[in-house]
Amino acid sequence: MAAIPGGADHAHDHGHDHHPGGIMRWVTTTNHKDIGSMYLWFSFAMFIVGGIMALVIRAELFQPGLQVVDPDRFNQMTTLHGLIMVFGAIMPAFVGFANWMIPLMIGASDMAFARMNNWSFWLLPPAAILLTTSLLVPGGAAASGWTLYPPLTVQMGIGMDMAIFAVHILGISSIMGSINIVTTILNMRAPGMTLMKMPLFCWTWLITAYLVIAVMPVLAGAVTMILTDRHFGTSFFNAAGGGDPVLYQHIFWFFGHPEVYIIAIPAFGVVSQVIPAFSRKPLFGYASMVYATSSIAILSFIVWAHHMYTVGMPVAGQLYFMFATMLIAVPTGVKVFNWVATMWRGSLSFETPMLFSIGFLFLFTLGGFSGLVLSMTAVDVQLHDSYYVVAHFHYVMVAGALFSAYAGAYYWLPKWTGHMYDEKLGKLHFWLSIIFFNMTFFVQHFLGLAGMPRRIPDYSLQFAEFNMISSIGAFGFGLSQLVFLVVVLKCLKGGEKAPAKPWDGAEGLEWTVPSPAPHHTFETPPVLK
Amino acid sequence: MSEAGVGVTEQRNRSTLARLVVSACLMFGFGYALVPFYEKLCQVLDVNNLNKQEGALPANTQVDASRSVTVEFDANLHRLPWSFRPVTPATTVHPGQIVTIEYEITNTRDAAVTGQAIPSYTPSAAMQYFQKLECFCFKQQTLAPGETRRMPVAFLVSPSLPKDIGTITLSYTFFEVPGASAAATPVRPAGGG
């Protein structure tokens, strides 16, 4: 799917490039690359904020007893860490990738609705401010866990309202972003690029964007019900007025399970770009990847109650949700085997993006296996709300989504900045990350199996050693992420000039434009062979 | 791309936008629609029903059919213008068996009267083996002028009743509650289970 090599020559700044300088350039920009960069920087900043909260949690859990924060603050930390990482770090990071890369990959000049794109980014900072400043209000931030279960959420102070509004704003932002992505992909592809010729990253985002449009409004509805229960006398979940707290869990997880795939599927997309490039082979089973991703997305709508096996459900319901959940392992397995088959007999080279992708492949699969363990009702009743669950979802969220985001960042950094990143530092970042990641989270499996509950600031003595190991690992992991910041800053300042296509095995239209990608690309659509 | 081509794309973008915005709004409504949907689903599948009777009462396996006890019922009034009598004066039960009998009260005064019944047992040693599951004596009774009412007593005699007790007499005495029909502070009956 090569384009005319000179496709980027049309990228002259003509006419509409007299936007303001300084800060106003970023406030008013409608350029998909500017907005993509802002998304990426924002998500990294939120990643640091959420990471600091994680370190507060791990500092408290370093030893049994209460040392660092009081239990109330501890609960606020777990809540905000979850909300910020899910809605503030991972989701915007992948929206950033989508903004930067989708137009370049499909040969469009920009996103379909450039001004709406600006809006969907600039909604994020107010939400971040609401979430972080809620720590300072009387009563503190929401302390109910990121899932915001009633009855706690019906009772808390103003920090809860701030969290609800933040979720509303983040939801609107991601819906707008997704509408933009769907429209761009459906209508703005270069002539000759059929859907089944799109890079897989575009496919995964198309599917993800549909998921966002389908489920974020349901979350908005659920938190709105909490809001009206709190202030306007409704009783959706308030048992005192005849409501049912368990109903919230059903509505929330109708959103929550697809949300898991909203985070994971773009990660699949990035890895599906990187692994072929460094295996110097086309992706194995492209069509099956598309179908597997779609089936994962569809299945994600019918498995929600496996998050709530312990609420009291008829056995028939438990069996249904158990088998439906296990079914997801089939398309996921298809994807994993396809990635492995892509690497099979490829001319592999192990630059940082590839290392992160292989790390993803191993650890995401491990997280998938612990997910399968948890899908069994009989086992889950024992492991529910234990550290086993914490270990499981950090394997799929950190080693899955985050590692894949790093793979994508290293892969496209030369395209974004025009410079090669420091390969030595990149590899250092990878090895530190993967060692400390496993040190942090692998031991949490044992803690969970031994019965340590999550979201509790204190624990009994027999859990002390593993918690200490986990805390040391967490601080190591947190500090290693600063290496990435150094790499990016160095790369922005200078370094070896990157050619248009710095990876000899890479495929796709994005490598036909010069590095750094000019402000305007594909003003005239490229023609595909 | 020609100007016309750009126009066409823009038009298609707009219609895609409209469809997606409508979908998002519908899904917001869908979240709310889940509330009655779950309610209906729970009704149909009969789950999450807090008022549900836990099936039929389990068979009482603790009935001691090897012996019988005669229970006699007695009714007394303490300065109350009522007529008060057991519908069945006596019955024979097996220990462990749950039995329901009735008393009948009539208010003969032309004003509402509130009374409270206090039970007593003969022999008094039988009291701890006599378990009342339901009784009009548990709360105050207010009768309208001329009203007649039948009220149940559900009880069982414990199987651990000593063998030498063959007859138990349950006697109720109705006292007028001071302050009449106004819901004054009830006097808790002394003794009696």
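The radius of gyration here is taken over C-alpha atoms, and the rule for a globule is 2.2 Å times the number of residues to the power 0.38. Keep that handy for the first view of this predicted model.

**View 1. Chain A as a whole.** A compact globule of 529 residues would have a radius of gyration near 24 Å, and chain A, at 23 Å, agrees with that. Along the principal axes, its C-alpha atoms fill a box of roughly 65 × 50 × 45 Å. Look for helices here: chain A has 16 of them and zero strands.

**View 2. How chain A packs.** Of the 529 residues in chain A, 57% count as buried. Take the contacts in chain A with a separation of 6 or more: 83% of them join residues 24 or more positions apart.

**View 3. Inside the largest nonpolar core.** This core has 185 residues, and those with the most contacts inside it are A:Ile90, A:Ile106, A:Ala163, A:Cys202, A:Ala222 and A:Ala407. Zoom in on A:Ala163 and you'll find it touching A:Leu83, A:Leu131, A:Ser134, A:Ala141 and A:Ala142, leaving aside residues up to four places away in sequence. There's also a second, separate core of 21 residues, which includes B:Leu80, B:Phe155, B:Val157 and B:Leu161.

**View 4. Where chain A meets chain B.** Chain A puts 24 residues into this contact, and chain B puts in 20 residues. On the chain A side, the elements giving two or more residues are helix H7 (158-187), helix H8 (200-231) and helix H9 (245-279). H8(A) supplies the largest share of that side, with seven residues. By class, the chain A side has 19 nonpolar, five polar and no charged residues.

Note on methods: Residues are numbered from 1 along each chain as its sequence is written. Chains are lettered from A and ligands numbered from 1 in the order in which they are written. This is a predicted model: local features need pLDDT of at least 70, side-chain atom pairs count only at pLDDT 80 or more; totals for chains, interfaces and linings use all residues. A nonpolar core is a set of buried Ala, Val, Leu, Ile, Met, Phe, Trp, Tyr and Cys residues joined through C-beta atoms within 7 Å. A residue is buried if 20 or more other C-beta atoms lie within 10 Å of its own, exposed if 12 or fewer, and partly exposed in between; C-beta atoms are placed from the backbone. Two residues are in contact if their C-beta atoms, placed from the backbone, lie within 7 Å. Helices (H or I, at least four residues) and strands (E, at least two) are DSSP runs, numbered from the N terminus. Ala, Val, Leu, Ile, Met, Phe, Trp, Tyr, Cys and Pro count as nonpolar, Asp, Glu, Lys and Arg as charged, and the others, Gly among them, as polar.
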